[in-house]
Amino acid sequence: MLTSSPPSERQKELYQLAESQGGYFTAKQAAALGYASNKRIYHVRAHNWIREHRGIYRLALFPEPERPDLILWWLWSRDRSDRPTGVFSHQTALGLHDLTDTNPAKLDLSVPKHFRRGVPIPEVLRLHYGDVAAEDREILHGVPVTNSLRAILDVWVEGSLPKPVLREAFREGMKRGNITKTQVATSQLDAERASALTEIRKGTK
């Protein structure tokens, strides 16, 4: 009778890593666990792994997350040390918070000012260069997303949606508790976003 061999320690470590990232992992993460290039090629050919993008894989038998696209492009935003740096923001964040009905063709991803990749930016992404403070982000679908207030202010400053739509999103965020009075009062905002918040609040009283 044939029996499958128990998973090795390396396989267990890879599974635990992938589990924390919706079943996804990078080539460098796999290499750090001892999966050399020839081993990675073997696992793709054996259909144990699926190569989703350059340097990004997914465990074939791992249940697909609700938003695999978010995890894939978050991992794409990794820096030279293989650390993902992106935060989903602007209209994409508003949609993830279910505060607007807009469905933009591209995913908005905020990356650090000095973020650079030696490959073309995928057409599905619209990059915004700027830092997002820890207090302005939260985790949705396993990836960093700007919180409701920051998303509304970013889009207001950008001018990509009508102001009445954003005022309604602000009202809805306050109603649901996504945005709190304390958060509004204590948020550390630059001049543009502070001015935007003042305008929004005037129009929602």
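**Rings and helices: asking for the reasons**

Trainee: Why is Tyr15 called partly exposed?
Mentor: In this predicted model, Tyr15 has a relative accessible area of 41%.

Trainee: How many aromatic pairs does the structure hold?
Mentor: There are six. One of them joins Tyr15 and Phe62.

Trainee: What makes the pair of Tyr15 and Phe62 tilted?
Mentor: The ring centres are 5.7 Å apart, and a pair needs centres within 6.5 Å.

Trainee: How do you know whether Phe62 is buried or exposed?
Mentor: Its relative accessible area is 14%. Buried means under 20%, so Phe62 is buried.

Trainee: Why is the pair of Phe25 and Trp49 called edge-to-face?
Mentor: Their planes stand at 80°, with the centres 4.9 Å apart. An angle over 60 degrees counts as edge-to-face, so the name applies. Phe25 is in strand S1 (residues 24-26) and Trp49 in strand S2 (residues 49-53), so this pair ties together parts 24 residues apart in sequence. Phe25 is buried at 0% relative accessible area, and Trp49 also counts as buried, at 4%.

Trainee: Which residues do ring pairs link into a cluster?
Mentor: Phe25, Tyr35, Trp49 and Tyr57. Tyr35 also has Arg10 over its face, at 4.6 Å from the ring centre. Elsewhere, the charged end of Arg117 sits over the ring of Trp76, 5.1 Å from its centre.

Trainee: What makes helices H6 and H9 roughly perpendicular?
Mentor: The axes of H6 (residues 148-158) and H9 (residues 191-204) cross at roughly 100° and come within 9 Å. Angles from 65 to 115 degrees count as roughly perpendicular, so the two helices qualify.

Trainee: Which residues meet where H6 contacts H9?
Mentor: From H6 they include Leu149, Ile152, Leu153 and Trp156. Among those they meet in H9 are Ala196, Leu197 and Ile200. By class, the contact has eight nonpolar, no polar and five charged residues.

Notes
Residues are numbered from 1 along each chain as its sequence is written. This is a predicted model: local features need pLDDT of at least 70, side-chain atom pairs count only at pLDDT 80 or more; totals for chains, interfaces and linings use all residues. Side-chain values use heavy atoms; hydrogens and water are left out. Rings of Phe, Tyr and Trp (its six-membered ring) pair if their centres lie within 6.5 Å; planes under 30 degrees apart count as stacked, over 60 as edge-to-face and the rest as tilted. Buried means under 20% relative accessible area, exposed over 50%, partly exposed in between (1.4 Å probe, protein chains only). Helices (H or I, at least four residues) and strands (E, at least two) are DSSP runs, numbered from the N terminus. A charge sits over a ring if NZ of Lys or CZ of Arg is within 6 Å of the ring centre and within 35 degrees of the ring normal. Axes are lines fitted to C-alpha atoms, for helices over the stretch in contact, and angles run from 0 to 180 degrees between N-to-C directions. Angles under 35 degrees count as roughly parallel, over 145 as roughly antiparallel, 65 to 115 as roughly perpendicular and the rest as oblique. Contact means heavy atoms within 4.5 Å. Ala, Val, Leu, Ile, Met, Phe, Trp, Tyr, Cys and Pro count as nonpolar, Asp, Glu, Lys and Arg as charged, and the others, Gly among them, as polar.
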